[in-house]
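Please keep the sequence and the structure in view while reading.

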Amino acid sequence: MLVRIAWMVGMFAGPVLPQSTAAELLEPGAIRQLQVDLRAVLPWDPDKARAVEPRVIATFEAATGANPELAARLATSWGNVLSRGRPRDALPWFERAVATAESAKLSALVGSAALRWASLCTELSDYGAALPLCDRAEAAFGALGDEGIRGLIGADMCRSNALLNLGHWNRALAAADRAARVVRELHAETGRDGAGIAQVAGTRGIVLSRMGRYAEALQAYETAREYFEGSADERALASLEGNVANVYSALGRLDEAAAGLERAARYYRASGDVALLARALNNLGFVHSKAHRPGEALAVLAEAEVLCRELGDEYRLARSLVTRSRVLEERGELAAAMTACETARAIFERGNCNYDLGILGIAETRLLRAMDQPERALAAADGAERQLELTGEPGDLALVDIERGNLHLRLGRPRPALAAWAAAAERVRTAIASVRGIGADASRTFREVHGNLPASAVNAFHGLEDPTAGELEQCHAVVQTLYGVGAIDVLDAGDPARSAPTPALRDEIDAALSEVRRADVALEDRRTGSLAATTTAELLAGRDAERAARDRLLQATRALDRLLERDRIARAQRFARPELATAADVRDALPPDVALVEFVVSDLSLHALVATAESTDVVEFADPGGIADRATRLAELLASDRSASARELRDLGRALLDPIDNVLPKRTRTLLIAPRGALCRIPFELLLTGEPTTEDRREWPYLIAERDVGYVPSGTALVTLRRLAPVKRPVHGRAFVALGHPAARGRLPELPRSATEVLGIASAFATTAAERAQLDAAAAAITDGREPASELNGEQFAVYLRERAAEATLRLDTVRSAGILHLACHAQVDTAAPRLSRLVLTPAAGDSGDDGYLYLRELQDLDLSCDLLVLSSCASNVGPLSRVDGMIGLTQAGFAAGADAVMSTLWAIPDREAGTFVQSFYRELRAADSSRLAALGKAKRGAIAAGAAGRVWSAFVLWDAAVTP
C-alpha cells in the first residue's frame with residue numbers, strides 16, 4: 001500500500017464554496033465554509049464531492065489571479081480529496097497547483113503539490129511520470145533549507161516507491177535508506193518524528209519485501225509496528241497489516257496474510273474509511289484466490305466491487321474484476337471470467353492504463369486458450385505485447401511469449417512455438433541481467449505457472465521435421481534460461497544426429513525433469529551458475545533444511561546421466577550443451593598452484609565455491625547486497641575516468657578476498673575467477689589484500705602483486721576446455737593475425753592508433769629485416785597521414801588494415817586458425833539486447849550484404865581455433881548480467897567461437913595508454929617461460945612499477961579457461 005506522507009508536508013486541509021462574484025468567493029467566511037464542506041467529503045462521499053465541486057472550480061478560477069497562494073492550496077486540497085475516490089480526476093488538479101505555485105515562486109507549495117502528484121502517479125502505476133515529479137519536489141524543498149527537510153524525506157520515500165516498481169531495487173533501497181538516515185537525525189535532535197521513523201521503516205519494508213529479503217522486511221515492519229502500537233494509531237496499524245500481509249503472501253503463508261488483511265478491513269469498516277476498505281478487500285480477495293478458496297474470494301470481491309461502484313473508483317473496480325476472472329477461470333466458469341475481463345478492459349482503456357491492459361491481455365490469452373479459441377488467443381497475446389512494450393517490462397513480455405508458444409504448439413506449429421519460447425528466454429535473461437530484474441516472486445511464477453514448459457519444448461523439438469542446430473539451441477535456451485536447472489542434458493535426446501526417443505524414454509525424461517525442478521525450487525535458487533547442479537547442492541547441503549533437496553537433485557542428475565550417454569562435445573557446439581561439472585571434475589582439471597573461485601548468486605545469498613587440486617570449499621559472504629552495491633559503485637567510478645581510493649579498494653577486498661584467502665593453500669599462485677552479477681564488472685586484481693602503508697600507489701598491496709588473476713565463464717567451461725585440449729584442431733595459420741584501423745566511413749571516429757598498435761605488436765613476430773621494414777613503412781605512412789598497405793604478411797604474422805579489416809577477412813581459414821587473433825576496432829554493446837552487440841569493421845562495397853558489423857552471433861559462428869582472441873576495443877567485456885551465465889556479451893561469444901582464451905576490456909581507455917600496455921603484454925607473452933596469465937600478470941606489475949593509472953592496467957581482463965600448469 002502506498003506510504004502516507006501528509007505528515008511531512010503539512011498540506012492545506014480544505015478549500016471553498018462558490019458565490020456570484022470573485023470578491024464573494026474569496027471572502028474569508030466563504031473560504032472557511034468551503035474548508036468545512038471539503039472535510040465533510042472525507043472519508044470519501046461521492047454525493048458531497050459532486051455538490052462541492054462547482055464551488056471549488058469557481059473559487060480556484062477567482063483566486064488564480066487575485067491570490068495565487070490560495071489557488072495553489074485549494075488545487076492541492078481538492079486533488080487530495082479526489083485522490084480518495086476519483087484518483088485520475090485528481091491528477092490535473094495537482095498539475096494546476098504546481099503551475100500556480102511555481103508562477104508565484106512559492107517553493108513550499110510547489111514541493112507539497114509535486115509530491116502529492118508524484119505519490120498519486122505511483123498509486124496509479126505511472127511510475128515513469130512519478131520520478132521527475134519527485135525531482136521537482138526535491139528541488140523545491142531543497143530551496144527551503146532546514147524547513148524543507150521533511151519534504152525531502154517525503155520525496156525520497158516516493159522516489160523509492162517508484163523506483164521499486166520500475167525494478168530498480170538497489171536504487172529504491174538507497175532512497176529509502178537516505179530518508180531513514182535523515183529522519184533518525186531529526187529524531188535525535190528533537191526527540192520527535194517517531195511517526196516519521198515508522199513511516200520510513202514501512203517504506204523500507206516494502207522495498208525489501210519486493211527484493212525477496214523477507215526477513216529484513218518483517219524486521220522493518222516490526223520497527224514501524226512498535227511506534228504505531230505505542231501511539232495507538234489504528235489507521236497506520238491497519239495500513240501496516242496490509243504490507244505485512246504482502247510478505248506473508250509472497251512466503252506462501254496465505255492464512256496469516258488473510259488474517260492480517262481481515263484485521264485491516266475491520267478497522268476501515270469501523271472507521272468508515274470506505275476507499276481503504278475497498279482496497280483491503282481487493283487484496284484479501286487476491287490472497288483467497290491464491291490460496292484456492294474461490295468461495296471466500298468471490299464473496300470478498302463482490303463487496304469490494306460494490307464499494308468501488310459507490311465510490312466511483314473505476315480503476316480499483318477493474319483490478320477487482322481481473323482477480324474475479326482468475327477465480328472464475330479456476331472454477332471452470334470461462335464465459336463469466338471472460339465477461340469480467342471485458343468489463344475491466346473497457347475501464348482500463350478509458351484510463352489509458354497500458355500496463356494493466358497488458359497484464360489483462362495475458363489473462364485473456366490464457367482464457368481463450370482454455371476456451372479452445374487459439375486464433376483469438378493469439379490476437380489477444382499480440383495486443384498484450386503491444387501494451388507491455390510501452391512499459392518496457394521484459395519479465396511480463398516473457399509471459400506473453402510463453403503463452404504464444406503454448407498456442408502455436410496447440411495449433412501444431414512446433415517451429416513458431418520454439419521461437420516464441422526462445423524469445424521468452426531472451427527476455428528473462430535481459431530482465432535478470434538488468435537492473436529491472438524479474439525478482440523472486442516473478443521467478444516463482446514462471447515455475448508455478450509453466451512447470452511443464454521444458455518437457456513441452458522437448459516434445460515440440462521432437463515434432464519437427466529435419467530439425468536444425470539453431471532449433472536445438474532454441475530448446476536449450478528455453479530449458480536453461482527459464483528454469484536454470486541441470487535438466488538441459490535432456491535435450492541431447494533431441495540431437496538431430498540421434499533418433500527421437502521412444503514414448504517410454506520420453507516419460508522417463510519428463511519424470512527426471514520434474515524431480516530436478518522440485519529440487520531446484522527447494523534450494524531457493526542458490527544453485528545458479530554452470531557448476532551448480534551437483535557441486536553447489538552437494539557442498540551447501542550440510543544444512544539440514546537442504547539435505548533432502550540435495551539428495552533429490554543428485555538422484556535426478558544420475559537418472560539423466562543414465563538416460564543420456566553423451567558423445568564428446570563437438571568443438572563448434574562446446575557451449576551449446578555442456579556437461580555439468582562435478583567438484584571432482586574441477587579438481588582434476590586444476591594444476592597444483594591454481595585455484596578456481598566460482599561465485600553463486602541468489603536473491604538472498606552470495607557464496608563462492610573455492611576449488612583446488614586437493615579440496616573444494618564453500619565460502620558464504622555476509623551482506624551480499626552491500627557487496628553488489630560496492631562493486632557497482634567501483635565499476636561506475638573506474639568507467640567514468642576516475643581513480644578509486646585506497647579505502648574503496650580495501651573495503652571491497654576485505655569483503656571479497658579475505659574470506660577466500662582463508663581457505664586457499666599458501667602455494668596458490670593463480671586465481672581463476674568465475675564472477676556473477678555485479679562482480680562481472682570489476683577487476684579483482686585491482687582490489688587490495690591489506691592496508692596500504694603509503695600514498696605511493698606503486699607500493700599498494702594489489703591482489704595482482706601476489707597472484708596472477710584470470711577469469712573463466714564457469715567451472716564447467718574450465719573442465720570442458722581442458723578435455724578438448726588433446727583434440728584441438730592444429731593451428732595451420734600464422735602465430736599472430738590482426739585487423740585494425742577499419743574504414744568506418746563516417747559512422748564512428750577513425751582509429752589510426754589501432755593501426756599503430758597492431759603494427760607495433762606484429763614487429764615482435766617479425767623474423768627478418770625485410771618483414772620489419774614493411775611494418776615500419778606502414779607505420780610511417782600512418783604518421784604522415786597517408787594510407788598504409790591494407791595487407792602486410794610475414795612468416796609468423798599477418799596484418800589487415802583499412803579495407804581489408806572486414807568481416808570477409810575473418811572468414812579466411814588462415815585467419816580463423818591463427819594462434820593469436822587481435823581485433824583493434826570499435827565495439828558497440830547493447831545491454832538490453834545482447835545479440836545486437838557488435839564489433840565495427842570495414843563495410844563491404846556494393847550489395848554483398850556485408851555491413852561491416854560483426855554481431856555477437858556472427859562472432860560466435862566464426863569457428864576459430866586460436867589460443868588467444870584479443871578484443872582491443874573500448875568496453876568489449878561489457879554486457880547484461882545474468883545470475884546463471886555471468887555476463888552475456890562479446891567475450892563469451894569469443895569462447896563459443898572456439899578461442900581458448902579471450903582478452904577484453906572493462907571500460908574505455910585512452911588509445912596511447914592502451915597501446916602501450918597491450919604491447920608490453922605481448923612482449924611478456926613472447927618470453928619463453930610465460931603463459932598467457934603469467935604474461936598479463938607481469939605486464940600489470942610492470943605498469944604498476946612504472947606508475948600507470950590503476951584504471952588503465954586493470955581494464956584488461958583475460959578469460960582463460962584452458963590454463964595449463
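## A buried aspartate

Asp401 touches Glu385, Ala420, Trp421, Ala423, Ala424 and Arg427, leaving out residues up to four places away in sequence; contact here means heavy atoms within 4.5 Å. Asp401 is found in helix H21. Helices (H or I, at least four residues) and strands (E, at least two) are DSSP runs, numbered from the N terminus. At 3% relative accessibility, Asp401 counts as buried. Buried means under 20% relative accessible area, exposed over 50%, and partly exposed in between (1.4 Å probe, protein chains only).

The model is predicted: local features need pLDDT of at least 70, side-chain atom pairs count only at pLDDT 80 or more, and totals for chains, interfaces and linings use all residues. Residues are numbered from 1 along each chain as its sequence is written, and side-chain values use heavy atoms, with hydrogens and water left out.

## The protein as a whole

The protein has 42 helices and 17 strands. Of its 965 residues, 58% count as buried. Among contacts between residues at least 6 apart in sequence, 69% join residues at least 24 apart. The accessible surface comes to about 37,400 Å², and 50% of it belongs to carbon and sulfur atoms. Accessible areas come from the Shrake-Rupley method with a 1.4 Å probe; for residues, only the protein chains shown count as cover.

## Salt bridges

Side chains of opposite charge can pair when their charged atoms come close. A search of the whole structure finds 46 salt bridges, each being a side-chain nitrogen of Lys or Arg within 4 Å of a carboxyl oxygen of Asp or Glu. One of them joins the side chains of Arg86 and Glu53 at 3.0 Å, N to O. This pair links distant parts of the chain, 33 residues apart: Arg86 is in the loop between helix H5 (68–83) and helix H6 (87–103), and Glu53 is in helix H4 (residues 46–66). Glu53 is buried, with a relative accessible area of 17%.

Another salt bridge, between Arg159 and Asp156, has an N to O distance of 2.8 Å. Both residues lie in helix H9 (residues 149–165), three residues apart, about one turn of the helix. An α-helix has 3.6 residues a turn, so residues three or four places apart point the same way. Arg159 is buried at 9% relative accessible area, and Asp156 is buried at 5%. Arg404 and Asp382 also meet in a salt bridge (2.9 Å, N to O). That pair links distant parts of the chain, with Arg404 in helix H21 (residues 394–410) and Asp382 in helix H20 (residues 374–391), 22 residues apart. Arg404 is buried, with a relative accessible area of 11%, whereas Asp382 counts as partly exposed at 32% relative accessibility. Salt bridges that share partners join Arg647, Arg650, Asp651, Arg654, Asp658 and Glu691 into one network.

Helix H35 (residues 769–783) has 15 residues and reaches 21 Å from its first C-alpha to its last, close to the 21 Å expected at 1.5 Å a residue. The expected span is 1.5 Å times one less than the number of residues. Which residues of H35 are buried? They are Glu771, Leu775, Ala778, Ala781 and Ile782. These residues lie on the same side of H35 because they cover an arc of only 120° around the axis, the arc being that of the directions from the helix axis to the C-beta atoms.

The cover over the buried residues of H35 includes helix H34 (752–763), strand E7 (791–793) and strand E8 (797–802). The face turned away from the buried side carries the exposed residues Ala769, Ala770, Asp776 and Thr783. Just after H35, Gly785 takes a positive phi of about 80°.

## Nonpolar cores

In soluble globular proteins, nonpolar side chains tend to be buried together. A nonpolar core is a set of buried Ala, Val, Leu, Ile, Met, Phe, Trp, Tyr and Cys residues joined through side-chain atoms within 4.5 Å. The largest such core has 123 residues, and those with the most contacts inside it are Phe599, Leu656, Ile682, Phe684, Leu869 and Tyr922. Apart from it lies another core, of 118 residues, among them Leu91, Trp93, Leu164 and Val247.

Leaving aside neighbours within four places in sequence, Leu656 is in contact with Phe599, Phe621, Ile627, Leu679, Ile682, Phe684 and Leu687. Tyr922 is one of the buried residues of H40, which also include Phe917, Val918 and Phe921.
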